[in-house]
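Please keep the sequence and the model in view while reading.

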Amino acid sequence: MDKKIKSYQSVITGVGASLPKSIVTNKDLTMRIDTSEEWIVNRTGIEERRIASDDETTSSLGAEASKIAIKNAQIENSEIDLIILATATPDNTFPASATLIQSSLGIDKCYAYDIQAVCSGFVFALEAADNAIKAGNVKNALVIGSETFSRILDWEDRGTCVLFGDGAGAVVLSSKEGTERGILSNHLHSDGRYADLLYVDGGPSTSSKVGFLKMDGQGVFKHAVKNLSAVIEEALEYNNLSVDDIDWFIPHQANIRILESVAKKVGLSQDKIIITVQKHANTSAASIPLALFDAVQEDKIKKGDLVLLEAMGGGFSWGSTLIRW
């Protein structure tokens, strides 16, 4: 008799978030650098951001977000089989900050690793966890996006330091059988030809310094609108859907101009977009789960809703994930 092959779906069962205590407003920044509140808001939509203190780290913020996600999933820490942390700002070169989160949660019977795709890291991590679940190897996966980008900002560069903030978000992905809910598809891309448009000018293999974030704003904007629009359309075409079928669009919170331009290009209604950039700024890999947490807390997303995630980051890397909630 042929053995029946089981089919598993990866369903988000819990969401969590954690933010540094310190709030830095645009007015605060005008005291430090040559800029204005009006310029920041008009160009980016950002009004404030969180900045980590010396005792708040990528792993500590990630651990706090994870605790909330696990609690909301109504499982025990010991039931987590896999931890993937998306981050471009780990606590140390090694070990992986995911293992520090694992230790903080008191879990010793799972595997944990970091994944680095900058702002796209969370959707890349979702795909990796989704594959592990659908292969039948994992029952519950903890997927985290956590960043302390303030550590790699040049606070004298007004073109970049106003854009970013710190924070963490996490989800529990759980294996479910016999359901149409969960992750429907993932679509990931990279193109290293444009690495010099968004990068950090330092690292252990090339220099002795940590380095600061460097960005060609116009170049990033151009590629972001093009690539994000394409990867949204890719997800829709793959699932035989139209943009009108999407209930909620949760993009990487880079800046308001990119969000609005992408939505306009694909014909997405503005009232379907979850926007948190005004209070979080760009938190890189943490921005999607932070926005997702807010949407869930505000009871916007309902069971059965189609939720589309997308992000683009340095590399360039970009991707989308379509979820039936």
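## The largest pocket

β5 (111-115) and β9 (198-200) each supply at least two residues of the lining of the largest pocket, strands here being DSSP runs (E, at least two residues) and helices DSSP runs (H or I, at least four), numbered from the N terminus. β9 gives the most to this lining, with three residues. The model is a predicted one, in which local features need pLDDT of at least 70 and side-chain atom pairs count only at pLDDT 80 or more, while totals for chains, interfaces and linings use all residues. Residues are numbered from 1 along each chain as its sequence is written, and side-chain values use heavy atoms, with hydrogens and water left out.

The space in the largest pocket comes to about 840 Å³. On a 1 Å grid over the protein atoms alone, a pocket is an open set of points with protein on both sides within 12 Å along at least five of seven lines, a cavity is a set where a 1.4 Å probe fits but cannot get out, and lining residues have an atom within 4 Å of a point. Of the 34 lining residues, Ala 88, Thr 89, Pro 90, Ile 152 and Val 200 are the closest to the centre of the largest pocket. The lining divides into 15 nonpolar, 14 polar and five charged residues.

## The second largest pocket

The second largest pocket holds about 570 Å³ of space, and of the 25 residues that line it, Leu 163, Met 215, Gly 217, Phe 221 and Asn 255 are the closest to its centre. At least two lining residues come from each of α2 (37-44), α6 (158-161), α7, α8 and β12 (306-313), with α7 giving the most, six residues.

## Helices α7 and α8

Helix α7 (residues 217-238) packs against helix α8 (residues 256-266) at an angle of about 45°, with their axes 9 Å apart.

## The cavity

A search of the whole structure finds one cavity of 30 Å³ or more, and the largest cavity has a volume of about 30 Å³. Ile 232, Val 243, Ile 246, Phe 249, Leu 268 and Leu 308 line the largest cavity.

Conventions:
Axes fitted to C-alpha atoms, helices over the stretch in contact; angles between N-to-C directions. Points joined across faces, edges and corners; volume = space filled by probe spheres on them. Nonpolar A, V, L, I, M, F, W, Y, C, P; charged D, E, K, R; others polar.
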